[in-house]
Amino acid sequence: MTRAAHYKARAAADAALASTEPPAQVAEKFEVAAASSEAAVPDEELGTTAVRWRSHRELLRIAAALQRWDAGVQAAEADAERHLNSARRRAELLRDRLLERPDPDREADLVGLAEMAARVSSHDETEAFGRRLREAPLPASLIRSKRKGRGGHAASQQPEARETPRAVVLLLLDDDSIGDTVRVQLDRFHRLRALVRIIAWPAELPRLTLRFDTVWDPATIEVPPVTLLRPETGDSDPLPVEGEVQLVLRASGDEPVNLTIAASLSADGGEETEIAVLGQRRLAVRALDPALDSITGAEAIDERLHDAFTFLREKVSKEELEAFARLFAAVARAAMAIQIENVFREGAAVPESEFQSEMERRLRADATLGGRLTRTDSAGGRTDLVHDGINCELKVERQHAVSLDVARAYLGQPVQYASGGQRQLSLLCILDMSAKDLPPGILANNVALIEPDLHGAPKPMRPSWVGVVVIPGNLPIPSAWSRTKVPGAEIAKPD
């Protein structure tokens, strides 16, 4: 194919990725770009360069499916999720195909993009995927691999002038793919991995230096440069190298700490030659906000926590809310693990002290709490667990199935402990060991923020709130439900 076809395909992709039109129109632009890519590099084309074009083309079609999902949600379409499911599955298949290649590190940036698309669950993540896809480089020109033409002869290869070296960079934080902005915990060392591919790496400049430039001083952020050496047996182009450094954010304000990624090549003791950086060229680092960035790994639980913290944001002090958010999220993580592992199985006799010990062990191991977990005397009683002034009461219920309404019977104790410390926020975690005649649902059904009534104050100026988590215990093994009739309503009948 001609350079004109390559240029047309690139231009179509850039137009789609830069479009601000409604999602349905953007999806059409992505399809046009994919068709242009197919015209530039047909499916039967062989070679590493062609693989990269085809993978990029599939990412464009995945982006189109995500835009159709957005359009369907906005139009209240009942089956809008099918577009999201399609995008995720296609992304998984693309990722697996790339990882099965003899040298998957050469396409590490595309693998990262496919992995990112496979985990999209919100429209913000769709936009982040689009921004990252816009930075994914395509080969500057295509050197056609050998394939049979009409006469059965191999197509000729035309050597090209030497290219200018360039660095394609993909960053991972603690082994997770990241977008343009990353949130980290203050004063904690994070592993920042750089997966780099150097296009047209000259043998006479074997040393690559990757820098993370910033106007901020080391008292704010520390990210040292990384030096990597050209592979001695590297005959392929581009050449993959990988390195890692420790990133630590010391201080953070309202604005992110911006890093610009720069690269240079040099010989031993020689001057450095700056080269262009493609892929991930900048990174904004923010401090993790425990009131908004709590992560359990379960989207539905995080959504419940986020709603609770957002509701409380202007109603209690920042210090109290942050401590409450840290402990609430840690309790939810521990509860989710206990349910998944079925720690308290069917028929187990679980005294409250055993449940308390299990929760204390898990919370002490949670790094977000910084080891600050105690038991104290407050309001004339002994609290269960306290983190930075926020108390969490732990209960075991054996007789009744514990719904969130039933949990209200236990609210008085955590509220009184909290009020003894002049706090508006407290937590209640109940292990439901009642007999199970129906299978449990997801834990998000059992996570809530409840505002209890207060004595003599029908409309208090400073209400109290209790974060509630109910853990399903006394669970049989899953196979025990086999052939057990479970009542249910049919939502939709097949055609």
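D388 is partly exposed, at a relative accessible area of 29%; here buried means under 20% relative accessible area, exposed over 50%, and partly exposed in between (1.4 Å probe, protein chains only). This is a predicted model, in which local features need pLDDT of at least 70 and side-chain atom pairs count only at pLDDT 80 or more, while totals for chains, interfaces and linings use all residues. Residues are numbered from 1 along each chain as its sequence is written, and side-chain values use heavy atoms, leaving out hydrogens and water.

D388 sits in the loop between β14 (385-387) and β15 (390-397); helices (H or I, at least four residues) and strands (E, at least two) are DSSP runs, numbered from the N terminus. Its phi is near 50°, a positive value in a residue other than glycine. Most residues other than glycine have a negative phi. N474 also has a positive phi, near 55°. That residue lies in the segment after β18 (465-472) and is buried, with a relative accessible area of 11%.

On to H190, which belongs to strand β4 (residues 190-199). H190 counts as buried because its relative accessibility is 4%. Its side chain makes a polar contact of 2.9 Å with that of D174; such a contact is a pair of N or O atoms within 3.5 Å where, within protein, one must be able to donate a hydrogen and the other to accept it, and residues adjacent in sequence count only if both atoms are side-chain atoms. Setting aside neighbours within four places in sequence, H190 is in contact (heavy atoms within 4.5 Å) with L173, D174, V184, Q185, V245, Q246 and L247.

Q413, in helix α11 (residues 412-420), is partly exposed, with a relative accessible area of 31%. Residues up to four places away in sequence aside, Q413 touches E393 and K395, and a polar contact of 3.4 Å links the side chains of Q413 and E393. From Q413 to S426, 13 residues apart in sequence, the C-alpha to C-alpha distance is 9.7 Å.

Zooming out, the protein has eleven helices and 18 strands, and 48% of its 495 residues are buried. Of the contacts between residues at least 6 apart in sequence, 71% join residues at least 24 apart. The mean pLDDT (the predictor's confidence in each residue, from 0 to 100) is 82, with 85% of residues reaching 70 or more. Over residues 140-161, though, pLDDT is below 50, and this stretch has 34 contacts in the model beyond near neighbours in sequence. Where pLDDT is low, the predicted coordinates should not be read in detail.
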